[in-house]
Amino acid sequence: MNQVMRIISQRVLRCKKSWSTANTAAVLFFLVFLCVGLLVHTDYGIGWDETTQRDIGLKNYYYITKGDPALLNLRDRWYGPGFELFLIYVQNNSSDMSIYYSRHLFTFLTFFTGCLGFYFLCRRLTKHQWLALIGTGFLVFSPRIFSDAFYNSKDIPFLILYVFSLLSMFLFLDRPNYLTGLLHALMTAALVSLRLPGLIIPALTLLGISIEIFSHRIDWKKAVFILLIYILVSAGFCILFWPALWENPVYGFIEAFRFMSHFPYDLKMLFMGKIISSLELPWYYIPVWLAITTPLLYLIGFIPGVIKNFLQLKSNLRSGFSAFQRDDFLILLAFLGPLLAVIALKSVLYDAWRHMFFIYPAFLLISLKGYQWAWLKVRERLGQHAALALAVVLLLTGLLVPGYWMVVNHP
């Protein structure tokens, strides 16, 4: 008994030693964030898509449980129903507004969970606890994202699944085996079955495995075998999670891709002083919206982040990728890939850039890495104390300004 108590005491002491001020700050940050969300989730009204989204969930639910064929005649059947089915199961159905209040609550809790995932993604890429917390602060103190985190059951869950898919992808690339492959396949399937732009994740996974093969960190035969299993399991779970595909998966997938890439919705919108059609968007539509709705601090950090990434890429093409450099490159593509695809396909977009919210975490990671790189350069020139003082002033200013705006303009 004494020996057991001594072992427990030693482990507790080790935990205390490894526990840092940054960990305490992170716990406090997430507790405050959770409390704020729980307090304000009833402040938001019904979004204009919410009744439609709920109907998609109900049609899929009745198709699964009763075989009701109404889903197969629904124009919006190609919208992935996963999150809406989840909301059907958990929402409060006692009255009309309580239904939507509970939807807002669980949408926020999903966003909160995703912010936790983003924190660990930031920790992985920066190897620094404080930077991970700062990066998560960037995501939370983003006015365009924060409000949607309560009522947007389309784009916020997709953003969150994108974060978790990136995490599972890095885990799979680090340790490519059946267990990590199964986890990543589940994340991939959930993402793709929610929205088709999630296909960027299998593409990034294939590229990541290729880098591992050429870097001689994995045998190519083993890599190809595990990759094939990952693709097959992902496809199987994707069909399972998407009832509209059950009758004819191949035809349904092609139709979904055609429908979603050129959504037939002609909406007139004011953009840069002109009335434009959602069917004829200029190539710079998303970059402009991203720029004018993102706090200045995050935009500034993005520039050195991209420069660093391309300089590193030039060197890597000659000498090869380390696992750390591989992750940076894949995050850059996680941002640029969908953006370039939307421009090339001339996809129909509206409501500003909400359809592309999912690339925002990758954007913030690039910005965070840019600040990390800039910090090292400034510290070399000014010294530790002066660089730290400058960083604190910059961060406080950059976060308090959007934070103040969010409070004043709530909800």
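Is Met272 buried or exposed? I looked this up in the predicted model. Met272 has a relative accessibility of 57%, so I noted the residue as exposed.

I placed Met272 in the loop between S1 and S2. Its phi is near 50°, a positive value in a residue other than glycine. I found another such case at Lys127, where phi is near 60°. Lys127 sits in the loop that runs between helix H5 (96-126) and helix H6 (129-140). With a relative accessible area of 58%, Lys127 is exposed. I flagged these entries because most residues other than glycine have a negative phi, and most peptide bonds are trans. I then looked up a cis peptide bond, which joins His410 and Pro411 with omega at about -10°. Pro411 belongs to the segment after H17.

**Helix H13**

Which residues of H13 are buried? I listed Tyr285, Ile286, Leu290 and Thr293. Their arc around the axis is only 125°, so they are on the same side of H13. The general rule I had in mind is that an α-helix has 3.6 residues a turn, so residues three or four places apart point the same way. Next I checked what covers the buried residues of H13. Among the covering elements are helix H7 (143-151), strand S1 (268-271) and strand S2 (274-277). Helix H15 (323-345) and helix H16 (360-382) are also included.

**Thr294**

I went on to Thr294, in the loop between helix H13 (285-293) and helix H14 (296-319). Its relative accessibility is 6%; the cut-off for buried is under 20%, so Thr294 counts as buried. A polar atom of the Thr294 side chain lies 2.6 Å from the backbone oxygen of Leu290. What does Thr294 contact, leaving aside neighbours within four places in sequence? I noted Leu299, Tyr360 and Phe363.

**Pro202**

I found Pro202 in helix H10 (residues 200-214). Pro202 counts as partly exposed because its relative accessibility is 26%. Not counting residues up to four places away in sequence, Pro202 touches Thr188 and Tyr230. I also looked up the C-alpha separation between Pro202 and Ser165, which is 9.7 Å. These two residues are 37 residues apart along the chain.

Which residues make the nonpolar surface patch of about 370 Å²? I wrote down Leu388, Val392, Leu396 and Leu400. I followed up Val392, which lies in helix H17 (residues 384-409).

Notes. Residues numbered from 1 in each chain as written. Predicted model: local features only at pLDDT ≥ 70, side-chain atom pairs only at ≥ 80, totals over all residues. Heavy atoms only, no water. Patch = residues over 30% accessible without salt bridge, like charges linked within 9 Å, V, L, I, M, F, W, Y side chains within 5 Å. Areas by Shrake-Rupley, 256 points an atom, 1.4 Å probe, with all protein chains shown as cover. Salt bridge = Lys/Arg side-chain N within 4 Å of Asp/Glu carboxyl O. Helix = DSSP H or I, 4+ residues; strand = E, 2+ residues; numbered from the N terminus. Buried < 20%, exposed > 50% of the residue type's maximum accessible area, 1.4 Å probe, protein only. Polar contact = N/O pair within 3.5 Å; in protein donor to acceptor, adjacent residues only side chain to side chain. Contact = heavy atoms within 4.5 Å. Arc of directions from axis to C-beta.
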